[in-house]
Amino acid sequence: MRKFLTPAALAGAMALAAGLADAGTIRATSAFGPAHPAAVYVYPEIDARLREFTDGDWSLRDTPAGLVAPNEMSTGLRDGVTEFGMLLMPYFPAQFPEAALPSELSTLGTGNLVISSAVTEYIATCAECQAEFARNGQVYLGSDATPPYNLLTVKPVRSAEDLKGLRIRTGAPLYARFVATMGGEATQIPSSELFESLSQGVIDGTFSGNHEIIANRLGDIVKYVTEIEEGVFNGSASGTASALLWNRMNAEERAALARATQYGIAKGLVGFNTDAEKARTVPGIEFIAMDPTLAAAKDAYNAEHMAQAAAILTGRGVTDAEAKIARYAALVEKWQGLVTPGMSYEDLAQLRYDEIFARLDMAAYGPAATQ
């Protein structure tokens, strides 16, 4: 005799089937909006590569905005509100003093492909950094880095004098101190709020890479770009997993996610640079070269900053700061030699995986290694 399911049982079976279908779907939050390179390049590439490397067993579904805000990401990952996201370490200085060390040294090196790779190797192989992520219920899988930082403003900044009194959004202490040294007022606002803050006159400009003009649609508001090229922003752990997710994965699945993340980040690095070039074609924006007073002020600030970097980091709780600065500088030099002109993002991604994560034991990497 043929048996029929009751409506309640049928509904339960369908829910179970849906749950099983989603069992390998990672809930991700790139957090900076649908036009940001993370949503356009990074997370779709991670999804595609993760499907490839796991034969379709795992995938990644991104929510570009609304689920977890950038300043909520640390607790969001810890609590499993999202399982994978972009963690901006300078937003959480008390939680990540060791892992944020490279962001205090972001004027070292040239090129975001190099700097991103050096940061990723530094944090992935730094015991103190790993302990910080473990304490916060997270697993570090890689950092990106922006194009060089410039002043994007509604008023022209042609000299050091022009910065005085301007309210400038900054994303890391290094840039906040630079603005303050020039007589401006630094404020921290997530890049996702730039358009509104600029249009309402809350700020006069932002210390950012030129890609923000495209990513946050600032072309109608920003009228001037002063080309300071003051390092890059390298404090984003753009591939950060929740430990709750990590602990559901076996070593092979973890390796696949780590590898896929390198492909996403590498594609995003190229995407950052593509958007920075597109910004130069936006009508109505004047690109301004630094005058001698601003160039001299920048050089003086950088020299003083590097002389004080060890003391600044020690004050935040970093141990053996001098040795760690030297280690990071050596990694920048290493990756300057590994990254070649015109390297494809695919080649960079595989190189990053081979040089960093393939050499780590994925069964022990993450919270289990430090508990």
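In helix 10, the residues A255, A258, R259, Q262, Y263, I265, A266, K267, L269 and V270 meet Y345, E346, L348, A349, Q350, R352 and Y353 of helix 13. By class, the residues of this contact of helix 10 with helix 13 are 11 nonpolar, 2 polar and 4 charged. The model is predicted.

Now take the geometry of that pair. Two packed helices are described by the angle between their axes and by the distance between the axes. Helix 10 spans residues 251-279 and helix 13 spans residues 345-355. They pack at an angle of about 140°, and their axes are 8 Å apart. Roughly antiparallel would need an angle over 145 degrees. Helix 10 and helix 13 are therefore oblique to each other. Helix 10 passes helix 13 in a crossing that is right-handed.

Helix 13 also packs with helix 12. The axes of helix 12 and helix 13 cross at roughly 135° and come within 12 Å. This pair, helix 12 and helix 13, is therefore oblique as well. The crossing of helix 12 past helix 13 is right-handed. From helix 12, K334, W335 and L338 make the contact; from helix 13, L351, R352 and E355 make it. This contact of helix 12 with helix 13 has 3 nonpolar and 3 charged residues, and no polar ones.

Between helix 12 and helix 13 runs a loop, and T340 lies in it. Helix 12 itself covers residues 321-338. Is T340 buried, exposed or partly exposed? T340 counts as partly exposed because its relative accessible area is 40%. What separates T340 from V114 in sequence and in space? In sequence, T340 and V114 are 226 residues apart. In space, the C-alpha atoms of T340 and V114 are 9.4 Å apart.

Helix 11, residues 292-315, packs with helix 12 at an angle of about 120°. The axes of helix 11 and helix 12 are 9 Å apart. Roughly perpendicular ends at 115 degrees. Helix 11 and helix 12 are therefore oblique to each other. Their crossing, helix 11 with helix 12, is right-handed. A309, A310, L313 and T314 in helix 11 make contact with A321, E322 and I325 in helix 12. The residues of this contact of helix 11 with helix 12 divide into 5 nonpolar, 1 polar and 1 charged.

Next, the cysteines. A disulfide is a covalent bond between the sulfur atoms of two cysteines. How many disulfides does a search of the whole structure find? The search finds 1. C126 and C129 form a disulfide, and their sulfur atoms are 2.4 Å apart. The link of C126 and C129 is right-handed, with 75° about the S-S bond. C126 counts as buried because its relative accessible area is 4%. C129 is also buried, with a relative accessible area of 0%.

Turn to strand 5, residues 149-153, where L151 lies. L151 counts as buried because its relative accessibility is 0%. Which residues does L151 touch, not counting residues up to four places away in sequence? The contacts of L151 are V157, L163, I168, T206, F207, Y224, V225, T226 and I228. One of these is T226. L151 and T226 are 75 residues apart in sequence, yet their C-alpha atoms are 5.0 Å apart in space.

Two backbone positions remain. Most residues other than glycine have a negative phi. A31 has a positive phi, near 80°, and is not a glycine. A31 sits in the loop between strand 1 (25-29) and helix 2 (37-53). Is A31 buried or exposed? A31 is buried because its relative accessible area is 5%.

D55 has a positive phi too, about 55°, although D55 is not a glycine. Where is D55? The place of D55 is the loop between helix 2 and strand 2 (59-62). D55 counts as exposed because its relative accessibility is 72%. A31 is buried, whereas D55 is exposed.

Note on methods: Residues are numbered from 1 along each chain as its sequence is written. This is a predicted model: local features need pLDDT of at least 70, side-chain atom pairs count only at pLDDT 80 or more; totals for chains, interfaces and linings use all residues. Side-chain values use heavy atoms; hydrogens and water are left out. Axes are lines fitted to C-alpha atoms, for helices over the stretch in contact, and angles run from 0 to 180 degrees between N-to-C directions. Helices (H or I, at least four residues) and strands (E, at least two) are DSSP runs, numbered from the N terminus. Angles under 35 degrees count as roughly parallel, over 145 as roughly antiparallel, 65 to 115 as roughly perpendicular and the rest as oblique. A crossing is left-handed if the near helix is turned anticlockwise from the far one by less than a right angle, and right-handed if clockwise. Contact means heavy atoms within 4.5 Å. Ala, Val, Leu, Ile, Met, Phe, Trp, Tyr, Cys and Pro count as nonpolar, Asp, Glu, Lys and Arg as charged, and the others, Gly among them, as polar. A disulfide is a pair of cysteine sulfur atoms within 2.5 Å. Buried means under 20% relative accessible area, exposed over 50%, partly exposed in between (1.4 Å probe, protein chains only).
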